[in-house]
Structures are given as C-alpha cells and as structure tokens.
There are 2 protein chains.
Amino acid sequence: MSEAIRIGIVGYGNLGRGVEQALAQNPDMRLEGIFTRRAPASIAPLQAGTKVHRMEALDGLRDAIDVLVLCGGSRDDLPVQAPALASRFCVVDSFDTHARIPEHFAAVDAAARGGGTTAVIAVGWDPGLFSLGRLYGEAFLPAGATHTFWGPGLSQGHSDAIRRVPGVKMGVQYTLPAEAAMERVRAGERPSFVTREMHTRACYVVLEEGADPSEVERAIQTMPHYFADYDTTVAFIDEEEFRRSHGKMPHGGFVIRTGETGQQSKQLFELRLALDSNPEFTASVLVAYARACHRLRQRGEVGAKTVFDIAPGLLSPREPAELRREML
Amino acid sequence: MSEAIRIGIVGYGNLGRGVEQALAQNPDMRLEGIFTRRAPASIAPLQAGTKVHRMEALDGLRDAIDVLVLCGGSRDDLPVQAPALASRFCVVDSFDTHARIPEHFAAVDAAARGGGTTAVIAVGWDPGLFSLGRLYGEAFLPAGATHTFWGPGLSQGHSDAIRRVPGVKMGVQYTLPAEAAMERVRAGERPSFVTREMHTRACYVVLEEGADPSEVERAIQTMPHYFADYDTTVAFIDEEEFRRSHGKMPHGGFVIRTGETGQQSKQLFELRLALDSNPEFTASVLVAYARACHRLRQRGEVGAKTVFDIAPGLLSPREPAELRREML
C-alpha cells in the first residue's frame, strides 16, 4: 500500500468531529491535525492523539498535508476559506447553498488553478449523493421527471428560526416527506406539487416560563419563508423530554426518477437515505472525496471539481482490478 | 451544439430494439444503422428510416461511426465480438457474467489499446447502476454491509430452464425478493442469509396436453442450481392467460448499504429499481455510456473502462456549468 493520505480538518463543530471519526474508519488516510480559529487549548478532540493547531499554523504546512477538509458553514466560512485555502492546499468542502454554487465554484476554481491544487466543492448528500441520483436518473431515463423529498429529518435552519420566536426556550423542527405525494411520484404520475403537498413540518418546543402556547404556535405557523407555506404542527414538551428525545441530528430523504422507455414502459429509479446522524454521514462522504481529490491532484488534474466530475472508482481505497472483480 | 454522436447497433434482439428506441430520446445522438449476422431483409426495425446492414458492412465504416453498441449475449456473442470490434471501433457492451468480467475486461482492453479506441464493458443495471450503488455505499459507509436483492422480475435464464422440463409448453419464472429479509437488512442487522432466505421463485406454466402437473412441479422444484435452493411455487395457467399476463420483461431490485459512523449512528443508503422493461432500461443505460465513451475517446482516454471509471457528468448531454447550476 502507498503512503497514507495526510488530512487536515479546518473547523471543529459537528462536521469536523464527524470527519475525525470517519478518518478512523479509513486506514489509508491519516489525520495530521485540526486547525481552528478558536484557542486550541479550548478544544477537546474526540480521539486521543488528535492534535489541535491555530489556523495560522497552516502557513508552514503546505508540504505536510495532502488534503484539507473544510468543516465551516456555507454562509460565512466557506465562501472566504475555500478560495483562500485552495490557493495553497487541495481542499474538499460541503458548500450547500444550492443557488450560490456557480459563484463558489468559480472562486474556488480560479484559486485552485492559480495554486496548482485540486478542490472538490459541494460534497455531502444534498448537494452530493442526491445530486448524483438526480444526474444518473436523468441520464438513464431522459424522458421523465425527478422529485427530491427530504426527511424525516431535523432541519438546522428551521430549528434556529423557531428558537428566535419570543417565548421559545428550546425548539427543534423535523421535515417530513408526504407519503401520499411520494406514492403519486412512484406511480409515474409526474405531478406538479405546491410546496405544501410535498413536505410537512413538525416542531417540538419547550416554552419559556409564562409564555402563551397559542401565541407561540401562531407565530411559528405563520412565519414567512420558513413555515407559512407548509402544514406545520407544534407540540409543547418539557425540558426533560426535549433532552431525552431530541438531541440527535437525523436526516435523509428520497430522490425518485420516473420515466418511460419504448412505447409505454414505466421505469422507476429511487435512491433513499435514512441517517441517524446527518453531520457524521456528510463527514464520511467528505472523507471519501478527500481520497479522490488527492488522487486527482497526483494525476495533475487541478482546479475545482464537483461530484459530477469524479469517477466513482476514485472514491474507493480498493484497486481498480479488485473493484471490477468483487463489486461490479 | 456539436455534431450528433453517430451510433451503430450490433445485434437486433430485445436489447437492440431497446437501443433503437432509447436513441430516439437522445437528440445529441444519431443511429447510423443496425448491423446483423442475419439477412438484413429479414429484419423489420421499429422506427421508419432505420437502416439494416450485414455485419461485414462495418469493414468500411471506421470513420463513419463513433460508437458501436453491442447488443449480443454474454455467453456466446460478446466474448468474441467485443474484442474483435474494439480493435477498430469504440464500443459499449452489457457483458453481465459477473465471474468472467476480469477476463473480458483484459481481452477488450488489449484490443482497444491496440486499436486506439475506447470500450466500456459491463454496462446496464447489474452490473451497472447496482454496481455503482455498491461502490458508493461502501465508499461512504466503510464500516457496514451491502446486500443486493433482485426482483420482482422475470429471469430469462430460469424461464429457459423451465421450458426445458418435459411436459412444459410455455413457462416464465419471476424472482421475488423476500420482504422479511430486506427489513432485517434495513434495520442494520447485517445478517448472513442462506440463498433460500433472500429470494423466492414463482413459476407460471402452460402444460403440454396430457402432461402430469405434479410431475412437472416436482421436476422444477428439485432442479439443481436453478430451483432446488429456493422456495419455488409453480402455478398452472392456460395459454390465453399466459399470453395476456406474462408477455413483458419486468425486473428490478434493491441495493441496500447499512453502516455505522461515529459511536453508534446507524446510516442507511438504498437504491431501488422497478422496471416495466428490463431490456429497454439496460438499453437506455447503454446509450448514456455510449455518450461518455465518445467523450473519453475525444480526450484520448483509450482502453477498456467500466462504470467505475466514468465521471457521472460525462453521461449527461448537458454542459458541466448547467449541471452544477441545475442538478447539484
């Protein structure tokens, strides 16, 4: 086996912790350290032996790290960090603001080409594995329709929105796919849905003392952009139940492609994820693409890439001949 | 748009007809003709305007065809045809004898490298799309287990076996995945199954006049390799019902990857196909890989490839920037 791929983690929230754990499942890779803007001493890594450095320590490490996995947020961190670091390092990020992918790609691509590095952006499950499902589905069934359903799963953005409502002490929101809508899609109807028909939203709230439940419920259900276009339920629970039942970050969903071939043969392709931990799965996907990123750089393929540009075999630690023999 | 990719179909059974129909759904490709070992006049193409040629006509057409889609069988046709034609043409085939893929790959690779062509082998849904599901599943969840279930679907090989039983006039066999087994897999149990637990087999038979049903049933259920290891049901029906209900070639199945990340987060990735027409879907996948094959040849990437070697974006007629904007 060739030498281990040397990985750095930039940012140490839920995603960074997931990457640290995922690397332990991939013996062809080695964690060189976590790089943070916080005080390194304030961070307690999950694994004994993981080193924590100040971000500035990266300055001397260009030749000591093969790929940086960027674990910051899409709104504030990645638009700045990804281009800045791609000019010096191979990087993989999970940028997930769909509408801004073209500009993010352009910025990272320019930086990576300038620095002679390889950068894989928008990696995870949506964008990421779900994007692959949409692409394969359309390529294999060009006459058809694709629907993506999300959930059951915890939405971070919507949970944050709940917590900003006056009277809410703690809150989480789960997105639920509408079974009836999925069945219509699977039946090949190719329906056009309004937002309300595809997903519902379920909120679990712990009230501040003295808060009015009906007031809070109304404030949530009528909140524009977040809840007004959905059928939203609000359940009030106590703090103990909240801590017991709502501490995880499950998510998942469905990509469903239906199409017709020949005269009228109905064909269905469906991809499903059911995740106990959204950040850990995203991290695990990032680590597989870090492997591919390193291999592309070794071949001299510099610039920004997405999951669409990367041959599946590059994701696996196994040799091509072994993959053909055992997995094809 | 660049010029249409010029396609030739070699062999005109169910799969060849499927390719002819799939090409009509892909306006960036153009069918140059069908090439057959039969008398061209004996073949009636599905689409008006499709030309039929003797196989020998290929000799003068090296510069007139971009990719040949090989639609012969894996047992007798492809092991000979694929290397022979790959030495002169870019080819795509649906070679599906899993155990012989390494030798087929080696033979086609040598021919393609010798001829400076690109060849994509073992394309379809299994091997093919299901192989991709297995590879992505393992790459993203390295600590886990993958199970493939087939069906509900018509098995050509098992139907042929039934029809060789004395007393059987007509017969089909459907492979059915065992729901209970799939539920155990989805629950993350990672069970080890014996053959009988994963699939059952359902046969529909029209008897020859005077044949003994219990004799036929016994002969089928005890047939080694094909049925003895399965729970097999045999239903006797009349010829009219046979023609009415069993004339299609549906198939499909499930690839299920379960794994754990972090401490004990269970993660599930599942891919499902439900196909009214197995050959039409296989054909549709072949056509998408013919597009990728042509693009790889244009880049100078010669030799044999499989679905593992091909970046997903190469399968789509859309431009990379459009894919990033609309599908990622």
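Student: How are α4(A) and α10(B) oriented to each other, parallel or perpendicular?

Tutor: Start with the general idea: two packed helices are described by the angle between their axes and the distance between the axes. This is a predicted model. Here the axes of α4(A) and helix α10 (residues 278–298) of chain B cross at roughly 105 degrees and come within 8 Å. Angles of 65 to 115 degrees count as roughly perpendicular, so α4(A) and α10(B) are roughly perpendicular to each other.

Student: Which residues meet there?

Tutor: From α4(A) you have A:Y136, A:A139 and A:F140, and they meet B:F281, B:S284, B:V285, B:A288 and B:Y289 in α10(B). Sorted by class, that contact of α4(A) with α10(B) has seven nonpolar residues, one polar and no charged ones.

Student: Now α4 against α4. What angle do the axes of α4(A) and α4(B) make?

Tutor: Helix α4 spans residues 129–140 in chain A and in chain B, and the two axes cross at roughly 175 degrees, coming within 13 Å. Over 145 degrees counts as roughly antiparallel, and α4(A) and α4(B) are therefore roughly antiparallel to each other. As for side chains, A:L129, A:L132, A:Y136 and A:F140 meet B:L129, B:L132, B:Y136 and B:F140. The contact of α4(A) with α4(B) has eight nonpolar residues, with no polar and no charged ones.

Student: Let's zoom out. How many residues of chain A are in contact with chain B?

Tutor: 64 residues of chain A touch 64 residues of chain B. Between them the chains bury about 5,700 Å², with 61% of it on carbon and sulfur atoms.

Student: On to the sheets. In what order do the seven strands of the open sheet in chain A come?

Tutor: The order is β3-β2-β1-β4-β5-β6-β14, with parallel pairing. β3 (52–54) and β14 (303–305) of chain A stand at the edges with a single partner strand each, so one side of each has no neighbour in the sheet. Neighbouring strands are turned by 25 degrees against each other on average, direction ignored. For a close look, take β1 (residues 5–10) and β4 (residues 67–70) of chain A: they run parallel and are joined by four bridges, and A:I7 stands opposite A:V67 in β4(A).

Student: What is the pairing in the four-stranded open sheet of chain B?

Tutor: It's mixed, and the order is β8-β9-β10-β11. The edges are β8 (153–154) and β11 (231–236) of chain B, each with a single partner strand, so one side of each is left without a neighbour in the sheet. Strands β9 (residues 168–177) and β10 (residues 199–207) of chain B run antiparallel, joined by nine bridges, and B:P177 stands opposite B:H199 in β10(B). Helix α5 (residues 156–163) of chain B lies across β8, β9 and β10 of chain B, running at about 145 degrees to β9(B).

Conventions
Residues are numbered from 1 along each chain as its sequence is written. Chains are lettered from A and ligands numbered from 1 in the order in which they are written. This is a predicted model: local features need pLDDT of at least 70, side-chain atom pairs count only at pLDDT 80 or more; totals for chains, interfaces and linings use all residues. Side-chain values use heavy atoms; hydrogens and water are left out. Axes are lines fitted to C-alpha atoms, for helices over the stretch in contact, and angles run from 0 to 180 degrees between N-to-C directions. Helices (H or I, at least four residues) and strands (E, at least two) are DSSP runs, numbered from the N terminus. Angles under 35 degrees count as roughly parallel, over 145 as roughly antiparallel, 65 to 115 as roughly perpendicular and the rest as oblique. Contact means heavy atoms within 4.5 Å. Ala, Val, Leu, Ile, Met, Phe, Trp, Tyr, Cys and Pro count as nonpolar, Asp, Glu, Lys and Arg as charged, and the others, Gly among them, as polar. Two strands pair if DSSP finds at least two bridges between them. Buried area is the accessible area (1.4 Å probe) that two parts lose on being put together, summed over both.
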